[in-house]
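Welcome! Take a moment to look over the sequence and the model before reading on.

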Amino acid sequence: MNSQSEQQVRAAIDRVVRDEWARVLSALMSFCRDLTMAEDVLQDALLAALKTWPVRGIPNSPRAWLLKTAQRKAIDRFRRKANFESKRPDYEHMVQLQQRTEEEDLDDDFPDDRLKLIFTCCHPALSSEAQVALTLRTVGGMATPEIAHAFLVSETTMAQRLVRAQRKIKSANIPYAVPAAERWPERLQTVLSVIYLIFNEGYAASTGDELVRDDLCAEAVRLAEILSSLLPGDSEIRGLLALMLLHGSRRHARSGSEGELMTLETQDRDLWDRNAIQRGRAILISALTDGGAGRYQIQAAISAIHSEAENFEQTDWRQICLLYERLYELQPSPVVQLNAAVALSFAESPEAGLQAIEDISSSQALQDYQPYHAARADMLYRAGRRKPAVQAYEIALGTTCNEAEKRFLQKRLDSLRQIH
Amino acid sequence: MQYMFLIYSAEGSGPPHGTPEFDTMMKGYFEFTDEVRQAGILRDTAPLQDMETATTVRVRDGKMDVIDGPFAETKEVLGGFYILDCKDLDEALAYAAKIPTANYGSIEVRPVADFGG
């Protein structure tokens with residue numbers, strides 16, 4: 001074995017881990033009905049691959065090889081268990097399944113159970129934090145240290161979070177299944193919101209110094225692609241995918257030379273990712289053609305309108321106002337109302353925008369919401385009301401923990417004070 | 001798998017005794033108990049008397065300490081329980097939503113620990 005082939009094997013294993021992790025893990029879950037064990041034996045199988053593949057070459061179907069090896073490891077572990085007798089029915093179930101796969105000389109076509117895996121990870125009986133971590137680990141195949149890094153918590157904290165969630169799945173018997181028909185819409189919404197949460201954590205990192213974390217954005221897109229490939233008929237999944245591609249297309253234009261946040265108004269549009277925009281638009285069109293525009297599709301449509309404008313001034317704000325009205329019907333939240341008001345402030349006048357947020361100014365939910373104070377400050381400034389604008393920027397500064405946002409707001413505040 | 005359904009509500013949050021709403025709620029309980037009994041999944045159930053009847057016992061260093069009242073002063077109090085045999089958590093949650101108190105109180109669903117193996 002030379003170093004070249006060792007590298008090739010490493011690369012092949014990395015590829016398999018990324019691409020096939022969820023597929024193999026979902027099959028292992030059906031096999032041993034225990035997520036912790038399924039993960040452990042898959043890790044064992046990967047170690048075995050690292051030893052065997054450089055010598056015997058990469059198997060025709062790495063995925064099938066991993067599954068078979070992991071199944072054997074699972075059976076070995078079961079035999080060694082102290083309470084083996086009490087688990088005998090589970091063991092016999094596994095041996096039976098394994099014999100069948102050996103006989104059929106398992107190829108690539110073993111059943112794809114990833115949907116079950118996704119719905120289990122996003123079960124509402126798990127906390128939102130746990131749903132996100134589990135989905136990244138289990139469906140995305142992201143390593144625990146990577147996830148810990150992305151969410152700026154220690155590896156120990158993240159590992160504990162994952163273990164706790166896995167333990168709850170097992171001990172509360174959260175089913176490894178797709179939800180019943182009557183629960184389907186709300187359960188799918190939870191899955192979509194978990195993916196969108198991952199994207200947003202990457203796109204508008206709530207804490208820390210970097211404004212955009214590419215790895216999380218890319219992972220959210222990949223998860224939506226997987227979900228869309230498993231449920232090709234669902235247009236709202238495609239809506240979410242389009243929204244993330246279109247939003248994500250602007251990620252490299254979002255920070256300035258000093259690491260400050262750049263808003264749509266000040267972004268260098270040449271930095272927008274044209275490929276992502278094209279893909280996002282094509283997916284959005286296919287989703288809208290299938291009808292039943294949901295909230296992700298409408299948000300994607302708004303994002304698409306921004307991506308069409310050559311510069312900020314040419315933005316079709318009227319169209320955006322109409323879309324926000326539709327969105328507000330589906331999702332009557334103060335945050336949507338705030339965005340609608342901002343659109344109105346450009347479509348009509350800053351005063352009109354300020355008026356539109358009048359009745360949400362008392363909303364408790366918005367008092368700690370940085371975008372509310374920043375948007376209000378901007379509209380006040382554009383309306384020529386400097387003093388209240390300065391005050392609003394000061395409040396906005398006090399409500400953000402993101403360094404890039406702070407720099408942006410400070411810059412605005414400094415320039416306002418200079419004029420004064 | 002057995003799950004325990006702990007029925008909590010704030011005192012006075014349910015329909016008052018003697019109103020038609022109270023009768024509807026009680027009827028709901030009879031129907032629910034009947035349903036789970038018919039389904040063969042009812043392991044145990046009991047309503048509890050109100051909080052004023054509670055007494056809390058602690059033993060520290062071999063000394064017994066008896067206190068009038070519940071162990072913790074909370075707004076929501078335990079009013080009763082069911083133990084049901086359910087296929088999985090989803091089935092358990094579906095039953096929890098059918099317990100009449102779910103409409104104004106909370107139902108905590110806990111898997112029963114199995115130490116027997």
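## Helix 17 of chain A

Helices here are DSSP runs of H or I with at least four residues, strands are runs of E with at least two, and both are numbered from the N terminus.

This is a predicted model, in which local features need pLDDT of at least 70, side-chain atom pairs count only at pLDDT 80 or more, and totals for chains, interfaces and linings use all residues. Residues are numbered from 1 along each chain as its sequence is written, while chains are lettered from A and ligands numbered from 1 in the order in which they are written.

Helix 17 covers residues 370-382 of chain A, and its 13 residues reach 18 Å from first C-alpha to last, close to the expected 18 Å (1.5 Å times one less than the number of residues). Eleven of the 13 residues are buried, so helix 17 of chain A is largely enclosed by the rest of the structure. Buried means that 20 or more other C-beta atoms, placed from the backbone, lie within 10 Å of the residue's own. Among these buried residues are A:Y372, A:H373 and A:R376.

## Chain A as a whole

Chain A has 19 helices and zero strands. Its C-alpha trace spans about 80 × 55 × 40 Å along the principal axes, and 39% of the 420 residues in chain A are buried.

## A strand in chain B

Strand 2 runs antiparallel to strand 5 (residues 76-85) of chain B, joined by five bridges. B:T45 has B:Y82 in strand 5 as its bridge partner.

Methods: Buried ≥ 20, exposed ≤ 12 C-beta atoms within 10 Å, placed from the backbone. Pairing = 2+ DSSP bridges.
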